[in-house]
Amino acid sequence: MTTIAFIRHGETDWNTEKRAQGCKDIPLNDNGKDQAERLAKRFSDERWDAIYASPLLRAYKTAEAISGITGLNVIADERLREISFGETEGTTEVERVERWGENWMELDLGRETNEEADLRWKAALQDIIQKHRDEKVLIVSHGALLVRIFKELLQDDTDRWYGLNNTSFSVFNLKAENDWSCELFNCQKHLETSATK
C-alpha cells in the first residue's frame, strides 16, 4: 500500500487578510513559521520515505521545517504549485466585487482552468506513485489544488473538502490502482501543543 500525506502550507499574511494568493510567492508570516515548526515535530517519531513540495515559498518553507526533523531532502515540483488565479491574485472578495461585479467568477481574468490544474497535479502524483510504490510520501501544497486532488481521488464532488486549515495533515492510502481511501482529513492536532514541547 502506498501512503500519501497531503499538507497545506503554513499561514501567510494574505491568508489572514483573505486575499487570493494563487501563484504569488507570499512567504509564511511569523505564525505560519510557528505552525510549520509544530507540524515538523509531529514527524519526529514517524518514518516517511520522501517529501515533495510546491516551489512557492509558503509551501517549500513548510516542507523545509519537516525536512529539519526527518532528514529527508525536499523535492520541489512545479506541478504541485497553487492554481493560478490570474488578475484576482492579491484581492479580497470585496475588492473583486468592486472591480469586476458580483459575477466576477464568470469572467476569465486570466485564471488557470480546473482542467489545466488537474493535468499537472495528476502527472506529478502519477510520477510520485511510480517512484515510491508501497512507500510513505509527504506532499506539501496549497488549499485550492488539494481540494481538486481530494475530490478526484475519492470521486467525491461534495463541499466537504473545502476549508483546509493551514498546516493541516490529510492521509490517503492507495490500496490498488485508483482505489484510494482517506484515513485522516484536515488534522491540526500538532497546533494544540506548544512548539517547544
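The structure is a predicted model, in which local features need pLDDT of at least 70 and side-chain atom pairs count only at pLDDT 80 or more, while totals for chains, interfaces and linings use all residues. Residues are numbered from 1 along each chain as its sequence is written, and side-chain values use heavy atoms, with hydrogens and water left out.

**The sheet**

- Six strands form an open sheet in the order E3-E2-E4-E1-E5-E6, with mixed pairing. Strands (E, at least two residues) and helices (H or I, at least four) are DSSP runs numbered from the N terminus, and two strands pair if DSSP finds at least two bridges between them.
- Strands E3 (74-76) and E6 (179-187) stand at the edges with a single partner strand each, so one side of each has no neighbour in the sheet.
- On average, neighbouring strands are turned by 20 degrees against each other, direction ignored. Axes are lines fitted to C-alpha atoms, for helices over the stretch in contact, and angles between N-to-C directions run from 0 to 180 degrees.
- Strand E2 (residues 50-53) runs parallel to E3 and is joined to it by 3 bridges. Ala53 has Ala76 in E3 as its bridge partner.

**The packed helix**

- Helix H3 (residues 57-70) packs on the sheet and touches strands E1 (2-8), E2, E3 and E4 (136-141); contact means heavy atoms within 4.5 Å.
- The direction of H3 makes about 145 degrees with that of E4.

**The largest pocket**

- The largest pocket holds about 920 Å³ of space. A pocket is an open set of points on a 1 Å grid over the protein atoms alone, where a 1.4 Å probe fits, with protein on both sides within 12 Å along at least five of seven lines; lining residues have an atom within 4 Å of a point. Grid points are joined across faces, edges and corners, and a volume is the space filled by probe spheres set on the points.
- Its lining has 32 residues, with Glu82, Phe85, Gly143, Ala144 and Tyr162 nearest the centre.
- Helices H1 (13-16) and H6 (143-154) are the elements that give two or more residues to this lining, and H6 provides the largest share, 5 residues.
- By class, the lining has 10 nonpolar, 11 polar and 11 charged residues. Ala, Val, Leu, Ile, Met, Phe, Trp, Tyr, Cys and Pro count as nonpolar, Asp, Glu, Lys and Arg as charged, and the others, Gly among them, as polar.

**The second largest pocket**

- About 360 Å³ of space lies in the second largest pocket.
- Among its 13 lining residues, Gln126, Ile129, Leu153, Asn178 and Trp180 lie nearest the centre.
- Helix H5 (114-131) and H6 each supply at least two lining residues; the largest share, 5 residues, comes from H5.
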